[in-house]
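Here is a short briefing to read beside the model. Take one topic at a time and find each residue as you go.

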Amino acid sequence: MAALPPVKLETHTTWFNLLLTVLHEHSENDPYEKYREMAQRLFSKCMAYGTPFTDGDGASCVDLRLYPSEAADTIWLLLLTLCRQYDPDRDYSAELKSTEKE
């Protein structure tokens, strides 16, 4: 039996539907072919391999399993979507701890 992809995302069906809505929007309307194709692949994978289940509280959920590159692509598309909704309120990257030697 093949091993499951290592990234596990269990989400309520409402959030799954939101994720698929974002992926569908990118697959249909993103001005860049690269991102349209990325979204189409992810959408198809989520629809084919998402597993519905009921959690311990009786809520409807979906279990998604992704490879790291697919998880990264999903995060990228979500960030592209958020860019249209939010402007950063400060430069958090300037506050990162530097690992470079001084």
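This is a predicted model: local features need pLDDT of at least 70, side-chain atom pairs count only at pLDDT 80 or more; totals for chains, interfaces and linings use all residues.

- Strands of a sheet pair through backbone hydrogen bonds, either parallel or antiparallel.
- Strand S2 covers residues 51–54 and pairs with S3 over four bridges, in the antiparallel sense.
- Thr 51 has Asp 63 in S3 as its bridge partner. Thr 54 stands opposite Ser 60 in S3.
- S2 and S3 form a hairpin, with five residues between them. Look for Gly 58 in the turn: its phi is positive, at about 90°.

**Helix H1**

- H1 runs over residues 13–29 and has 17 residues. From first C-alpha to last it reaches 24 Å, close to the 24 Å expected at 1.5 Å a residue.
- Its buried residues include Phe 16, Leu 19, Leu 20 and Val 22. Leu 23, His 26 and Ser 27 are buried too.
- Why do the buried residues of H1 line one face? Seen down the axis, they fall within an arc of 155°, so they line one face of the helix.
- An α-helix has 3.6 residues a turn, so residues three or four places apart point the same way.
- Thr 14, Leu 18 and Glu 28 are on the other side of H1, where they are exposed.
- The cover over the buried residues of H1 includes strands S1 (7–12) and S3 (60–66). It also includes helices H2 (33–49) and H3 (68–83).

**Helix H2**

- H2 has 17 residues, which should span 24 Å at 1.5 Å a residue. Its end C-alpha atoms are 24 Å apart, which agrees.
- Which residues of H2 are buried? They are Tyr 35, Met 38, Ala 39, Leu 42, Lys 45 and Cys 46.
- These residues cover an arc of only 130° around the axis, which puts them on the same side of H2.
- The other side of H2 has Arg 41, Met 47 and Ala 48 exposed.

**Helix H3**

- The 16 residues of H3 should span 22 Å at 1.5 Å a residue. The end C-alpha atoms are 22 Å apart, in agreement.
- Glu 70, Ala 71, Thr 74, Leu 77 and Thr 81 are buried in H3.
- Their arc around the axis is only 125°, so they are on the same side of H3.
- On the other side of H3, the exposed residues are Pro 68, Ile 75 and Cys 83.
- The buried residues of H3 pack against S1, H1, H2 and S3.

- Leu 64 is in strand S3. With a relative accessible area of 3%, Leu 64 is buried.
- Beyond its neighbours within four places in sequence, Leu 64 is in contact with Val 7, Lys 8, Leu 9, Phe 16, Leu 19, Cys 46 and Gly 50.
- Leu 64 and Leu 77 are 13 residues apart in sequence. In space they are 17 Å apart, C-alpha to C-alpha.
- Lys 45 is in helix H2. Is Lys 45 buried or exposed? It is buried, with a relative accessible area of 15%; the cut-off for buried is under 20%.
- Not counting residues up to four places away in sequence, Lys 45 touches Pro 5, Gly 50, Arg 65, Tyr 67 and Glu 70.

**The cysteines**

- How many disulfides are found in the whole structure? The search finds zero.
- The sulfur of Cys 61 is 15 Å from the closest cysteine sulfur, which is in Cys 46. That is too far for a bond, since a disulfide needs sulfur atoms within 2.5 Å.
- Cys 61 counts as buried, at 5% relative accessibility.
- Cys 83 is exposed, with a relative accessible area of 56%.

Methods:
Residues are numbered from 1 along each chain as its sequence is written. Side-chain values use heavy atoms; hydrogens and water are left out. Helices (H or I, at least four residues) and strands (E, at least two) are DSSP runs, numbered from the N terminus. The expected span of a helix is 1.5 Å times one less than its number of residues. Buried means under 20% relative accessible area, exposed over 50%, partly exposed in between (1.4 Å probe, protein chains only). The arc is that of the directions from the helix axis to the C-beta atoms. Contact means heavy atoms within 4.5 Å. Two strands pair if DSSP finds at least two bridges between them.
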